[in-house]
Amino acid sequence: MKHLTAIGISFLSAALLAGPAEKLDPVSEFYPDWQGVTPNGYICGREIGPSDLRHKVTIVVEVEANEKLKEQLMLAGPIVTYSSLNGVSTEGLDWDTLDLPRDVIAVVSVHGAKKHSVVTDIWEKQGLKEEEAALIRGCRQLGTSVYDDVTFTGAPDNGGKYPFVYVMGPGAGKEPLYKGELTEASAKEAIAVVNKAKRQIAGWDQKWQPFYGNVGVPKYNTSLAKALEKGKTARKCPLDSVQKGLLADIKSADEERSKEAQILFDAINQTRSDLLIRIRYEVGERPHCAYYDLQTLFKYWPNTPKKALDAVMTRMKAYPLAESLGKIYVKLKLWSDPSFTCKNASEAKKIVAELKKMKKQLAPHKESQNINIQNGALLLDSKIDGVIDLVQSKVESK
């Protein structure tokens, strides 16, 4: 993986030495200032940040690390399965066009755990009966985030009753849509609220988009659009300066400006977070897609901590052809982009010749004993045919 190493590993080592920053960013007064979602508080499941918990339907289940923790997790399991990612089955998915569902996110907030193993030992060491394992399963899925003491200023008071559940809506505001002690009966009430809030998202005029959220065209913050335009051709395009400007606007006394800045800031962070979780899904089945998304990650967030990618890099190295297939896929994505144009017929001819050479390179891999490499080569071969026609048509239409 020389190419990946050259792009990523050198700076990842430096980022790891620096360590993750845990200081809280300013938050618009109109949105929850989520706390406790830090690397030190992470127990298991999906790793997230505070931005991930805004502009979605957010389910929070609070449990207490006491002698009844297992029973609490058994009650929590069924409701946290409603996290959008927990409903994803990766088998047979077309990762070239798939948008992972993201409307609902679920967090289990553990209070009073002196060690994180207090939670994980319940299924790793203590052993569970079949029925218990089925109920707790939702707490162990990749789409559930388990952290220490997740809360926000003004969060509902559980009154010492555990497990406790509350549901936050996707819009502005800090008042939960539902709150109460979690029981089998109250879980049904909470789920009904979740489904209603999902319909609210479905009714948004401006659908959620990477980097922009549901802002559409920013009114106050133009630096993001300029940076992303530069990023179309730039090898690296860090968004640090853009986010710094957005954090300044978040503190604005102008409500409209503050809200827009918060949505854009969170959208940038959510785009990164969604990329990381997407890569974790892709790397086992479509390593060439994971390779492509890693390039996007390295372009906009070159200081991503090494720890966030360790597992991915290990699995990527298990596929010796991932890099070569990935390089082909990167070019196919570029040439099939609607904004790409050929300067002249000569350039188009050169690209078509390269595409035909790619088909020859893929031929032996379509017979690979590794089913993931075989499937990847077959998909890329099919895509090449479409890109050849597309490139030729772009010249012919001039």
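Predicted model: local features only at pLDDT ≥ 70, side-chain atom pairs only at ≥ 80, totals over all residues.
1. Start with the largest nonpolar core, which has 57 residues. Helices that give two or more residues to it include α6 (223–231), α8 (255–285), α12 (345–362) and α13 (371–396). The largest share, 10 residues, comes from α8.

2. Which residues does Val391 touch, leaving aside its neighbours within four places in sequence? They are Trp335, Cys342, Ala348, Ile351, Val352 and Leu355.

3. There is also a second, separate core, made of 39 residues. Val61, Leu73, Val119 and Cys139 are among them.

4. Now the cysteines. How many disulfides does the structure hold? The count is 0. Cys237 has a relative accessibility of 4%, so it counts as buried, the cut-off being under 20%. Cys342 counts as buried too, because its value is 1%.

5. Last, have a look at Ser145, which sits in strand β4 (residues 144–148). Is Ser145 buried or exposed? It is buried, because its relative accessible area is 0%. A polar atom of the Ser145 side chain lies 2.8 Å from the backbone oxygen of Arg46. Leaving aside neighbours within four places in sequence, Ser145 is in contact with Arg46 and also with Cys44, Ile48, Ala106, Val107 and Val108.

How values were computed. Residues numbered from 1 in each chain as written. Heavy atoms only, no water. Disulfide = S-S within 2.5 Å. Buried < 20%, exposed > 50% of the residue type's maximum accessible area, 1.4 Å probe, protein only. Core = buried A, V, L, I, M, F, W, Y, C linked by side-chain atoms within 4.5 Å. Helix = DSSP H or I, 4+ residues; strand = E, 2+ residues; numbered from the N terminus. Contact = heavy atoms within 4.5 Å. Polar contact = N/O pair within 3.5 Å; in protein donor to acceptor, adjacent residues only side chain to side chain.
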